[in-house]
Amino acid sequence: MTQPWMKNRLVQWIDYRLPMFSFAEKELIDYPTPRNLSYWWNFGSLAGIVLVIMIVTGIVLAMHYTPHVDHAFDSVERIMRDVNYGWLIRYIHTNGGSAFFIIVYIHIFRGLYYGSYKSPREILWILGVVILLCMMATAFMGYVLPWGQMSFWGATVITNLFSAVPIVGDIIVTWLWGGFTVDNPTLNRFFSLHYLMPFVIVGVVVLHLVSLHQHGSNNPLGIDAKGPQDKIPFHPYYTVKDMFGLSAFLTIFAGFVFFAPNFFGEPENYIPADPLLTPPHIVPEWYFLPYYAILRSITFDIWFLSAKLIGVVLMFGSILVLFLVPWLDRSPVRSARYRPIYKQLFWVLVIDCVVLGWVGGNPPEGIFVIIGQIATLYYFAHFLVLMPLLSVIETPRPLPTSIAEPVLGGGSGPPAAAPQTMEKAQ
Amino acid sequence: MRRTLGAILAALALAGASPAMAADAVAPPSVKWTFDGLFGSFDRAALRRGFQVYTEVCAVCHSLRLVHYRNLTAIGFSEDQVKALAAEVEVTDGPDAEGEMFDRPARPSDRFVSPFANDNAARAANNGALPPDLSLVTKSRIGGPDYIHGLMVGYREAPAEMEMSEGMDYNAYFPGHQIAMPAPLSDELVEYADGTEATVGQMAKDVTQFLVWAAEPELEERKRMGVKVVLFLVLLTGMLYAVKRAIWSDVPH
């Protein structure tokens, strides 16, 4: 449908030279979208909006923050006490980090449930995993900036992981630190990179969207659209649905920002960093706890490989294995709705990840070691053994013939009364 | 799948809310604070009493370096009172035109003057233990205000079977129970200007509330704004849901 403002002569003059208006019309308004997307499909756009919130609040915080070991902690407290609404901006930023991970984790699990990584969306999925890796790096470095006890000791533990690399490990760690311990050069470069990475993420998000719009969204049935009756224009249907989802999210988010702003944080990080005083338990932010559990689950050397090296490899491997998912899952059926066994294993994986997070938050002693090892083993078994195996042994339930069929009752024929379909749009 | 969203969020929240607990920590008694809850606010009289306890008792050893004297107008002191309060303390300034450092009475724009020149001086005066700065103490300890209050009222005779180190006291709520700080409060230790009876329990509550204010001076403004923001968002969400329903009414789904 041609928008009325496209007839404006100034719009046409600009669009002839820079097609921003026809681009917006094609990708944001007319963009054909499956009619049956559930609320689980809200989390993609939500993640994008939270990214923008993080960048905007982050830029303001950077105006008042001082990346120096002697001043970082006090400059953050100055933001909290003396900068106008500094407490609001900082609490939005810190809670925004947690919200970003909750949203992105739901987004990823949605992709796993509905097989959104399958052909032709493999690159879309891979770009998503790249975004996750960039987010993790950004969040880790951001947590170091307030220079509290957990900032310092978290940075020490995580950067020290690289010393597990054979032969050149120690050289790498010294290079990362810019010295012989986590100190001012480390804080300086982390601040620089923490400011840079979000814009790298924006770049990958753009690629993620280009890739998404090439074939359009997957949908809860996991089948391709057969015709115009299966799709509706993005605007106003999904713009209003995304707006509603955003508003619901912001309500919950505001609840944390205003009434429990330190719920996701560690009390210990309100103590200034002290290189001479190790906290009793060093724990990362909650969104890293599952990886932390995997890292610490390896308590034994294997042949010439140290437990530390294997732990580090598995920790990074737990993300890297996601790159292979489109090729580990050979089942032709996308949606777990029609995969009776995969559907159950999906929920076992979700529980497994929660268990890993729980283990990661507890000291590596006694029963937690065993539980962590079993959960780690299961995590990798899910992807490397069960996924390929299911492709062979599982009998999927019969798929509907079209997206419109279960809704409209008929076959793939044109719906009786559906003025909103893409037929009208085109 | 929709039903499970709540379950996942709750599980994630739980996973996040399981901070590593310090060894041997005993949960302090739960106090009903006026600043708790959605509409919580500080009790101004309690804040001023707490300030008195901090100044006359805690400040002998503990700094409060992130708070400025000017901030005291927020707990009900007039600007002239704040000037007078600040002027009671000497602060080192300089160098002057001759290059000399000099002492002068503190001004409202100064931070609370610390009792010791540096950490080493503080340790030397305290049997090797460093009295922590109290600016953020209610935020930086697991248990928050309840824990700080518990610490004030938690001094007991050490159990017979417990081996106490030299110069340490037994505290029911301190992790490990051996604390270098001797019991700071005793009944009638301060004489409250407003005539309130200065029991240990009263002083502990007052000074804890003062320290919560010192750590989170934005607390009242934050909660007041939060109520408005959440109410607005609930309304907006409801309206957007109605709009969404109306727009989607011609899409069978």
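Start by selecting chains A and B: 57 residues of chain A touch 55 residues of chain B, contact being heavy atoms within 4.5 Å. This is a predicted model, where local features need pLDDT of at least 70 and side-chain atom pairs count only at pLDDT 80 or more, while totals for chains, interfaces and linings use all residues. Residues are numbered from 1 along each chain as its sequence is written, chains are lettered from A in the order in which they are written, and side-chain values use heavy atoms, with hydrogens and water left out.

Together, the two chains bury about 5,000 Å², 72% of it on carbon and sulfur atoms; that is accessible area (1.4 Å probe) lost on being put together, summed over both parts. On the chain A side, pick A:Trp40, A:Arg81 and A:Phe259, which lose the most area to chain B, together 15% of what that side buries.

Next, show B:Arg65 and A:Asp74: they form a salt bridge, with the closest N and O atoms 3.0 Å apart. The rule (a side-chain nitrogen of Lys or Arg within 4 Å of a carboxyl oxygen of Asp or Glu) finds two across this interface.

Now colour helix 10 of chain A, which gives 16 residues, the largest share of the side that touches chain B. Helices here are DSSP runs (H or I, at least four residues), numbered from the N terminus.

Last stop: A:Phe140, A:Gly154, A:Ile158, A:Pro284 and A:Glu285. Of the 15 residues lining the second largest cavity, these are the closest to its centre. Cavities are sets of points on a 1 Å grid over the protein atoms alone where a 1.4 Å probe fits but cannot get out, and lining residues have an atom within 4 Å of a point.

Methods
On a 1 Å grid over the protein atoms alone, a cavity is a set of points where a 1.4 Å probe fits but cannot get out, and a pocket is an open set with protein on both sides within 12 Å along at least five of seven lines; lining residues have an atom within 4 Å of a point. Helices (H or I, at least four residues) and strands (E, at least two) are DSSP runs, numbered from the N terminus.
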